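Hi everyone, thanks for coming. Please have a look at the model on the screen, and then we'll walk through a few of its features together.

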Amino acid sequence: MSSIIDILIYAHDGRGLGHVSRSVAIGLALRRLFPNLSVLFVTGCGSTAELIGGGNLDWVKLPSYRTSVSEGKSCGAMGPANIEDKLLGTLRADNISDIVEAYKPKVVLADHTPQGKHQELMRAVKGSTDTTWVLGVRAVVGDVDKVWSELSATVFDSKYSNILWYGDSDVTGTAELDKLSEHYKVTPFEAGYVSRLKELRRLGVNSCVDKKIAGVISVPWSGEGTFVLLEKISQVIGSFDPSEGIWKVYMNLNESGSCDVNDFFARYPNVVLEQVGPSFLADLANSRSAIIYGGYNSLTDVMSAGVPSVVFLRGMKDGEQEEHAATLQKASDAIVDVYSEDEVSVDGLRASLEKCLASTVKPSSISLNGAANAARYLSELAGVYDVNG
């Protein structure tokens, strides 16, 4: 096989930005450390350009999935192209297979599952010959059937060589590593936590930090309990004296119902609504506190920025956020308090934010170099060992 590109990175999309953000960070690290490597990123996530920011990473946009959440379980929904969820998986399988066949990558990194969402990687995996396939897995997988299925193990065994584990066993212990080893019959490579913020800072993004903003609130997508929670948040941050500074609320203002949410905050002069986008990380670095949901990406953001934070959990059936946030809270001062989004009170949230504003985050020993470590691992598989490419 005559390869055209060295490394192709795949991340599925649908609800949050965790899978895509992790994978973008690794792509940025590859381009920074090995500028002569050819790297291509493939996803359906419409926010990819914003996640890449000022980095030099090329990408191919697939039609997007959309996912709704009902009683803590993700369900496929009609995407922006108005194509039914599972049919879109079949069509994207053709797209991905064509891309792999045309570009003939030496290495493919696939995030989360070896078969891809709706098994959309299966055709590409079966059709590739000399390509080395690598699976990337978050620190705590949770009870995700598609990761622990017999199909995932079979697909992995057919073409995949190894697993990049984006965690720190000194923090989480080895239980997840042991479970992955048992299921996939290989010993994962422990890369460390992948932080896109840290990678962007290496590129000179968000390097000036003055801590002038009272706090940032990140609600990148809405679930069943979000509307009620935002009303509570508005009451709390609106009650702080303006001398504390402004509060910035980042959310998808294009979602239905965002006008109603705007009414919660419009009465408070110290609150600004912002569209989810690249300016969030700059504001986070400049903030004295944060309110986030407990996804992998958001947790690594606040740990990397060193910002005391209140973490909300959405109560998903897989239990990943609960387990992960509880573990990291023991190891990082950045995670001050953790609540279920359905159970927090106005008084409790106010007390937590006061605690955040009075806190200083001490340096942590948690490894946040996962993007660079993964990049070096992948470059060696592509035959490049020198950091200068």
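Let me start with how residues are sorted: Ala, Val, Leu, Ile, Met, Phe, Trp, Tyr, Cys and Pro count as nonpolar, Asp, Glu, Lys and Arg as charged, and the others, Gly among them, as polar. This is a predicted model, where local features need pLDDT of at least 70 and side-chain atom pairs count only at pLDDT 80 or more, while totals for chains, interfaces and linings use all residues. Residues are numbered from 1 along each chain as its sequence is written, and side-chain values use heavy atoms, leaving out hydrogens and water.

On a 1 Å grid over the protein atoms alone, a cavity is a set of points where a 1.4 Å probe fits but cannot get out, and a pocket is an open set with protein on both sides within 12 Å along at least five of seven lines; lining residues have an atom within 4 Å of a point. Grid points are joined across faces, edges and corners, and a volume is the space filled by probe spheres set on the points.

How many cavities of 30 Å³ or more does a search of the whole structure find? It finds one. The largest cavity has a volume of about 40 Å³. Around it you'll find Ser195, Lys198, Glu199, Arg202, Leu368, Asn369, Ala371 and Ala372. By class, that lining has three nonpolar, two polar and three charged residues. Helices here are DSSP runs (H or I, at least four residues), numbered from the N terminus. Helix 9 (196–202) gives the largest share of the cavity lining, three residues, and helix 16 (370–381) supplies at least two.

Next, the second largest pocket, with about 160 Å³ of space. It is lined by 11 residues, and the closest to its centre are Val100, Glu101, Gly127, Ser128 and Thr129. Helix 3 (85–103) and helix 4 (122–127) each supply at least two lining residues. The classes here are three nonpolar, five polar and three charged.

Finally, a helix pair. Two packed helices are described by the angle between their axes and the distance between the axes. Axes are lines fitted to C-alpha atoms, for helices over the stretch in contact, and angles run from 0 to 180 degrees between N-to-C directions. Helix 13 (residues 296–305) and helix 14 (residues 320–329) have axes that come within 11 Å and cross at roughly 15°. That makes helix 13 roughly parallel to helix 14, because angles under 35 degrees count as roughly parallel. Where do they meet? Tyr296, Leu299 and Met303 in helix 13 touch His324, Ala325 and Leu328 in helix 14, with contact meaning heavy atoms within 4.5 Å. That contact has five nonpolar, one polar and no charged residues.

Technical notes: Parallel < 35°, antiparallel > 145°, perpendicular 65-115°, else oblique.
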